[in-house]
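I opened the model and kept short notes on what I looked up. The entries follow in the order I made them.

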Amino acid sequence: MESLTTLYRPAQAATLAGITLAHLREYTLTYAPFFSEHATPPPGEPRLFTPEDVRLLAFIAENTRRGADHEEVIQRLASGALEDFDWWLPEQERNGSPMITALVSVSQLQGIAEAFFQQAEETRAREEELRARLTIAEYRISQLESELATLRQQVEARNACVWRRWLGR
């Protein structure tokens, strides 16, 4: 039996083969006879993948990406095409060294960072514009309050004048 260090959990196997977990599930069902017993365990037992299973996943993925349907891939596997498939686990994985993987490439991260910084700059510019508009609005409110106070004084003076005339003083 193989040692546990040569067995991969489904997420690890999918990452190594460059597929999604949904594809991994689909492939292990559709191509079950070609996988090891570890990859197609009885219900309730954990699903694990040997390096050969990961290579098989990569083979299936490569063929389906190129337009082959499942029947064609099964025929290719049955005829031994997997032996000629030039794909192997990364060197670190074959040597048992821990492999560091990223979910996105550095160029994708740079693009995301650029978009983030551009959005941050746009947000700062918008914030400055809104602060300027707020300052103008506060100044205008101050002017209007002053004008309102003047108008109130004028109204009070006229009212007082009207009352004096009415009362005859």
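**Entry 1: a charge over a ring**

I began with arginine 55, which lies over the face of tryptophan 88, at 3.9 Å from the ring centre. The rule I used wants NZ of Lys or CZ of Arg within 6 Å of the ring centre and within 35 degrees of the ring normal.

**Entry 2: ground rules**

I am working on a predicted model, where local features need pLDDT of at least 70, side-chain atom pairs count only at pLDDT 80 or more, and totals for chains, interfaces and linings use all residues. I number residues from 1 along each chain as its sequence is written, and side-chain values use heavy atoms, with hydrogens and water left out.

**Entry 3: the whole chain**

I looked up the secondary structure and found six helices and zero strands. The pattern along the sequence reads α-α-α-α-α-α. Helices (H or I, at least four residues) and strands (E, at least two) are DSSP runs, numbered from the N terminus.

How much of the chain is buried? Buried residues make up 20% of the 169 residues. Here buried means under 20% relative accessible area, exposed means over 50%, and partly exposed lies in between (1.4 Å probe, protein chains only).

I then took the surface total: the chain exposes about 13000 Å², and carbon and sulfur atoms supply 55% of it. Accessible areas come from the Shrake-Rupley method with a 1.4 Å probe; for residues, only the protein chains shown count as cover.

I also checked contacts, meaning heavy atoms within 4.5 Å. Among contacts between residues at least 6 apart in sequence, 58% join residues at least 24 apart.

**Entry 4: aromatic pairs**

I searched the whole structure and got five aromatic pairs. One of them joins phenylalanine 35 and phenylalanine 49: the ring centres are 6.4 Å apart and the planes stand at 80°, so I logged the pair as edge-to-face. Phenylalanine 35 and phenylalanine 49 both lie in the loop between helix H2 (21-30) and helix H3 (51-65), so the pair ties together parts 14 residues apart in sequence. The rule takes rings of Phe, Tyr and Trp (its six-membered ring) with centres within 6.5 Å; planes under 30 degrees apart are stacked, over 60 edge-to-face, and the rest tilted.

Are these two phenylalanines buried or exposed? Phenylalanine 35 is buried, with a relative accessible area of 8%. Phenylalanine 49 is buried too, at 0%.

Next I took tryptophan 163 and tryptophan 166. Their ring centres are 5.4 Å apart and their planes are at 85°, so this pair is edge-to-face. The two tryptophans are three residues apart in helix H6, about one helical turn.

**Entry 5: a nonpolar patch**

I stayed with these tryptophans. Tryptophan 163 has its place in helix H6 (residues 106-167). Tryptophan 166 is exposed, at 65% relative accessibility. Trp163, Trp166 and Leu167 make a nonpolar surface patch of about 430 Å². Patches are built from residues with over 30% relative accessible area and no salt bridge; like charges are joined within 9 Å, and nonpolar side chains (Val, Leu, Ile, Met, Phe, Trp, Tyr) within 5 Å.

**Entry 6: salt bridges**

Side chains of opposite charge can pair when their charged atoms come close. I counted a salt bridge where a side-chain nitrogen of Lys or Arg is within 4 Å of a carboxyl oxygen of Asp or Glu. The count comes to five.

Glutamate 121 and arginine 124 meet in one, at 2.6 Å from N to O. Both lie in helix H6, three residues apart, about one turn. I noted glutamate 121 as partly exposed at 47%, and arginine 124 likewise as partly exposed at 41%.

Which residues are linked in a network of salt bridges? Arg126, Glu129 and Arg133 are. Arginine 126 and glutamate 129 have their closest N and O atoms 3.2 Å apart. For glutamate 129 and arginine 133 the closest N and O atoms are 3.9 Å apart. Glutamate 129 and arginine 133 lie four residues apart in helix H6. Arginine 126 is partly exposed at 40%, and glutamate 129 is partly exposed at 39%.

**Entry 7: a buried alanine**

Last, I looked up alanine 68, in the loop between H3 and helix H4 (70-78). Alanine 68 is buried, with a relative accessible area of 10%. Leaving aside neighbours within four places in sequence, alanine 68 contacts Asn63, Val73 and Arg76.
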